[in-house]
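Please keep the sequence and the coordinates at hand while reading.

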Amino acid sequence: KKKKKKSLRGSIMLLCVLLVVLTVTAVGFNGILAIKEMASTAYDTYVAAVNSGYNAEIKSEVQSTISVLQSEYDKFAAGEKTEEQAKEDAKEIIRIMRYRDDQSGYFWIDDTNYILVMHPVLADQEGAYRFELKDPNGVMIIQEIMKTCQSAEKGGFNEFYFTKADGVTVAPKVAYSQIFEPWGWIVSTGNYVDDMEADMAEVKDYLKKAYDSALLRVDIVFVVVIALAL
């Protein structure tokens, strides 16, 4: 009888331990999944907000540049200067315009005849016919920009690969373009996606560390509860 009682007690104890282990494992696993999902959702929300901010920034900057063109055009219309002088002055004002803290944001101008009017980085290509300009994926860059600017909105966003300021690195770029109809000029600026991702890397690293820390705490609780159960 004593042996049977010990055997029964041992079985009950083992069953209790198994129940505790299974319960803690299930709760811990669900907790880990919940933490991972929250971290992923937080990062996705952050990325969407940052991208939206970047897009709003370049759209606003182009609209400000259009106002510069309008100002110079108004001076021509008022007889203060010739149209050619107004165009030349507008080009040179926009050539030196920069934005962002590191002054990396710049503008370029194409016309509706696919001629590069002004580009501060590719000044040697000004006057070039860019109808056939395409990126490594076959996107016809200027043709797509032109389509966007011929829409009812007279402007919009385009994505393509382009060479960065170092003249070597080719990276995906999100650009915003808008047409200044009196001169048929299309003003564009953009953000390189890899630069945007670099800016977001710090937050991604922070969220990963937070997830790893939470995971470690869950593991510690799991081990402690199992030890207490035993």
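In this predicted model, a cluster is formed by Tyr73, Phe76, Phe180, Trp183 and Trp185, which are linked by ring pairs. The structure as a whole holds 12 aromatic pairs.

One of these pairs joins tyrosine 73 and tryptophan 183: the ring centres are 5.8 Å apart and the planes stand at 75°, so the pair is edge-to-face, as an angle over 60 degrees is required for that class. Tyrosine 73 belongs to helix α1 (residues 2–77), while tryptophan 183 sits in the loop between β4 (170–180) and β5 (185–192), so the contact ties together parts that are 110 residues apart in sequence.

The two partners differ in accessibility class. Tyrosine 73 has 24% relative accessibility and therefore counts as partly exposed, whereas tryptophan 183, with a relative accessible area of 8%, is buried, because the limit for that class is under 20%.

Tryptophan 183 also pairs with phenylalanine 180: their ring centres lie 5.6 Å apart with the planes at 75°, so this pair too is edge-to-face. Phenylalanine 180 is buried, at 3% relative accessibility. Tryptophan 183 thus has ring contacts with tyrosine 73 and with phenylalanine 180.

A contact of another kind involves a charge and a ring. Lysine 164 lies over the face of tyrosine 192, 5.4 Å from the ring centre.

How values were computed. Residues are numbered from 1 along each chain as its sequence is written. This is a predicted model: local features need pLDDT of at least 70, side-chain atom pairs count only at pLDDT 80 or more; totals for chains, interfaces and linings use all residues. Side-chain values use heavy atoms; hydrogens and water are left out. Rings of Phe, Tyr and Trp (its six-membered ring) pair if their centres lie within 6.5 Å; planes under 30 degrees apart count as stacked, over 60 as edge-to-face and the rest as tilted. Helices (H or I, at least four residues) and strands (E, at least two) are DSSP runs, numbered from the N terminus. Buried means under 20% relative accessible area, exposed over 50%, partly exposed in between (1.4 Å probe, protein chains only). A charge sits over a ring if NZ of Lys or CZ of Arg is within 6 Å of the ring centre and within 35 degrees of the ring normal.
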